[in-house]
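This report covers the sheets, the cavities and the confidence of one predicted model. Please keep the sequence and the structure in view while reading.

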Amino acid sequence: MFRDLTLGQYYPVDSVIHRLDARTKLLMTLIHLISLFVARDFLAFGFSAVVLALWIILSKVPFGYIARGIKPILFLLGISIFFNIFWTKGEVIWALGPISVTKEGLIQAAWMVTRLVLLIFGTSLLTYTTSPTQLTAGLEQGLYFLRYIKVPVHEIAMMMTIALRFLPILTQETNKIIMAQKARGADFESGNIVKRAKALVPILVPLFVSAFRRASDLAMAMEARCYHGGDNRTRMKPLKFTRADYLAFSLAVLYFVIVILI
Amino acid sequence: MEPIIRTEHLTYDYIVRDDENAVENVRRAVNDVSLNIKAGDFVAILGRNGSGKSTFAKQLNALLYPTGGTVWVCGRDTADEESLWEVRSSAGMVFQNPDNQIIAQMVEDDIGFGPENLGVPTAEIWQRVEQALHAVGMEAYAQSSPMRLSGGQKQRVAIAGILAMQPKCLILDEPTAMLDPEGRREVLKAVHELNKAAHITVLLITHYMEETVDADRIVVMQSGSVRMDGSPREIFARSDELHEMGLALPQAAELAGRLRQEGLKLPADILTAEELVEALASLKQAEAMAQKPMQTASEAAPKAPEHLSELTLSHVTYEYEPGTPMETVGLDDVTLTIRQGEFLGIIGRTGSGKSTLIQHLNGLLRPTRGEVLWNGENIFGEKFDRRALRGKVGLVFQYPEHQLFEETVIKDVSFGPKNQGLTENEILNRALHAMEAVGLSQDYADRSPFDLSGGEKRRAALAGVLAMQPEILILDEPTAGLDPIGRERLLETLLKLKAEGIGIVLVSHSMDDVAENADRIVVMRGGKKEMDGSPREIFRRERELKEIGLAIPAVTHIVRMLEERGYAVNGDALSMEEAVQTILNVWSD
């Protein structure tokens, strides 16, 4: 059931954007995020939206998929719209008893929504066009310089890789354990909070035991394959900047300058 | 020639320390082992669980270092830290659980992991990955996610991951224990090919005797020491010693041994079905006897308790994720009745719907279409108490020991009855009774389930379901990963339970287990019920079974071969006893 569960949501097609180096895309996403907070008026947001739309078209990812990213934050979006509209002081447009809607409130809410939506779209584009493996490699190689200030970049990247690999396995395992305990008459659905929390023990203990067993198995398997940390390691798929990367990066910088100037 | 692996007086102790770091307990896992392994050999290591096989293997890969004695791999002392990477890359190791040794999210990335660690240049890594994929026949899956592969395929990827380090020797620690028969064949074939074509030395640790028949040499370990060492023929001729050590023989060798005991003058070193048939044929140059095959007596109906509960699936169809693009049919219009007191075997290949089927039997899954009836009552009816049903229809999942969670065995076993809302006294009674039924004495009650051995854990988990006093007990691959004696004990327990009037449903890959014990067999294929009948009826349809990818029991295969040669044996013999009987009927007079 959870066979395809991964963090992120890679959309595997071949496009110019997909072929870009993960580091380039990470950097571009960062520029995009900063630009959203630098932008001061709707003209800048409009420009940002148009540029993002062009990137999305280039990426060949259907727009519907990108829009899907909004779903999990709809609730958050609704709440912030609500508070912005009704709780911002200013020029009253419409009022009913203690409730009033102000012009500033409406603008604030629109501002907020645009910013959040563009933010989500931009980061979704990154995860749709970059596989988790590339992303991890990009982070590792892009942030490698941090090693000089004793940040264990390689180790963190390795942890991410392993987490990505084992998350679906542990999800499957959780389902199996739930089924097995249900078969022994366990009840997860009724009772108050305390009872329900207690009902989790028969799931969590086996899950932890299994996770530790897997971890120790994996550690042994990695040692057997001569793993010894990040030093003196070569790469099967080293990241390489190509001309397309430099071009994309220049365009992103140009975009950023324009946003500031607007 | 210098042996590729050499151990001299190798000893290893597991040292348990208490909180103050003082030695609390020393357990000798490997005891004075001196062995030479010749380059290019295929060596099988046999032994019961806990005989020190795995610990020994880990020494050869420098995952553990000797407490005493020395290990040389390709002339290098494994205790010498400077040669660590050379030792590990020249004696690569593959482990039991295919999932727990694959690191990357894409097959080719994973195979490249070893060479990356060794600092191999990028271009050469690609070459090696390609060669390794080719060697195990997985080229087509280079870009796949390991989650999408079968167990056998995953294990082949794990082997390729080792091959990419260009080892001289491959050590496999029970690589097939968690696989279905097909996966097992795939992996063994790949390993044999590597041994023959690439001249890689192979050390195969296994519980499956059939896998060792083609080895050049077998080493049998017991309590950390080498008990026997020789060719398969030499080893399997010493059947009494093997039995005494709790090990089994390949079925053909076992049958030959029994017949020898009954006075037939067969050679002592028979290994395969073909050899046995030849030997029997030359023993009796005479023509087949005209005498009709004897009807075996074992088909008497089991005596029935007064009230028999009945569980019926009526036209059950189950779809996974209906309405999504990932919709797949798990079950397709299955109708089936299971009665208390019978022993039903369910066989079929991985993915044929067996597991989906049994999860319907106690209402864990709800049919997309069709009904499940307990004594005629729809279990998804409004007033039906499904939790109570789960006490009546016990379900033991695969590797049930992974669901143990309590501090003590008795508490864990009590979990089911406690959920049934029984009184303290009744709970304790049932728990103790269940432990007794699976052969765990009262001494185990206060021990932690996590300190038990593999086989004991399995039995404790089984007791946890039995304690609910089910009328029908369903088990999914209960013998997977157990050594021969563990397997035998578990099956004995099931037969005992059946004699007490409990209905048993056994899902298994082992045709031998099902054929010997079941009253009735259901064959699943592609979510459909393909066959349903007595073992005799089912295994008569040999060709159809082969088409599905299933085999007939090893002994049945032997008597059929004899039958084809014109001997008047009963070709329907399914168990060892029946085979011995029918062959003796023809051969001794």
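## The six-stranded sheet of chain B

In this predicted model, 6 strands form an open sheet in the order β6-β7-β8-β3-β9-β10 (chain B), with mixed pairing. Strands and helices here are DSSP runs numbered from the N terminus, a strand (E) having at least two residues and a helix (H or I) at least four; two strands count as paired if DSSP finds at least two bridges between them. At the edges stand β6 (91–94) and β10 (225–230) of chain B, each of which pairs on one side only. On average, neighbouring strands of this sheet are turned by 20° against each other, direction ignored. Axes for such angles are lines fitted to C-alpha atoms, for helices over the stretch in contact, and the angles run from 0 to 180 degrees between N-to-C directions.

Strand β9 (residues 217–222) of chain B runs antiparallel to β10(B), and 5 bridges join the two. Within this pair, B:Met221 is opposite B:Val226 of β10(B). Helix α1(B) packs on the sheet and touches β3 (42–46), β6, β7 (169–173), β8 (201–205) and β9 of chain B, its direction making about 150° with that of β8(B). A contact means heavy atoms within 4.5 Å.

## The four-stranded sheet of chain B

Another open sheet has 4 strands in the order β2-β1-β4-β5 (chain B), with antiparallel pairing. Because β2 (23–37) and β5 (76–77) of chain B are the edge strands, each with a single partner strand, one side of each has no neighbour in the sheet. Strands of a sheet pair through backbone hydrogen bonds, either parallel or antiparallel.

β1(B) and β2(B) pair in the antiparallel sense over 10 bridges, and B:Ile5 is opposite B:Ile37 in β2(B). These two strands form a hairpin with 5 residues between them, and B:Asn21 in the turn has a positive phi of about 70°. On to the next pairing: strand β1 (residues 5–17) of chain B is joined to strand β4 (residues 68–73) of chain B by 5 bridges, the two running antiparallel. B:Arg6 has B:Trp72 as its bridge partner in β4(B). Helix α1 (residues 53–60) of chain B lies across β1, β2 and β4 of chain B, at about 115° to β1(B).

## Cavities

The structure holds 3 cavities of 30 Å³ or more. A cavity is a set of points, on a 1 Å grid over the protein atoms alone, where a 1.4 Å probe fits but cannot get out; lining residues have an atom within 4 Å of a point. Grid points are joined across faces, edges and corners, and a volume is the space filled by probe spheres set on the points.

Two or more lining residues come from each of α2 (22–38), α3 (42–59), α6 (103–129) and α11 (243–261) of chain A, and α2(A) gives the largest share, 5 residues. By class, this lining has 11 nonpolar, 5 polar and 1 charged residues; Ala, Val, Leu, Ile, Met, Phe, Trp, Tyr, Cys and Pro count as nonpolar, Asp, Glu, Lys and Arg as charged, and the others, Gly among them, as polar.

The second largest cavity has a volume of about 90 Å³. Its lining includes A:Ala180 and A:Arg184 as well as B:Leu395, B:Phe397 and B:Val465. β16 (393–396) and α15 (454–466) of chain B each supply at least two of the lining residues. The classes here are 8 nonpolar, 1 polar and 1 charged.

## The loop at B:Glu471

B:Glu471 lies in the loop between α15 and β17 (472–476) of chain B. Beyond its neighbours within four places in sequence, B:Glu471 is in contact with residues including B:Ser309, B:Trp374, B:Lys392 and B:Ile502. B:Glu471 and B:His509 are 38 residues apart in sequence and 24 Å apart in space, C-alpha to C-alpha.

## Confidence and conventions

The model scores ipTM 0.86 and pTM 0.86. The pLDDT, the predictor's confidence in each residue from 0 to 100, averages 89 in chain B, where 95% of the residues score at least 70. Over residues 286–304 of chain B the pLDDT is below 50, and this stretch has 24 contacts in the model beyond near neighbours in sequence. Chain A averages a pLDDT of 87, with 97% of the residues at 70 or above. Where pLDDT is low, the predicted coordinates should not be read in detail.

Residues are numbered from 1 along each chain as its sequence is written, and chains are lettered from A and ligands numbered from 1 in the order in which they are written. Local features need pLDDT of at least 70 and side-chain atom pairs count only at pLDDT 80 or more, while totals for chains, interfaces and linings use all residues; side-chain values use heavy atoms, with hydrogens and water left out.

Conventions. 1 Å grid on protein atoms, 1.4 Å probe; cavity = no way out; pocket = protein on both sides within 12 Å on 5 of 7 lines; lining within 4 Å.
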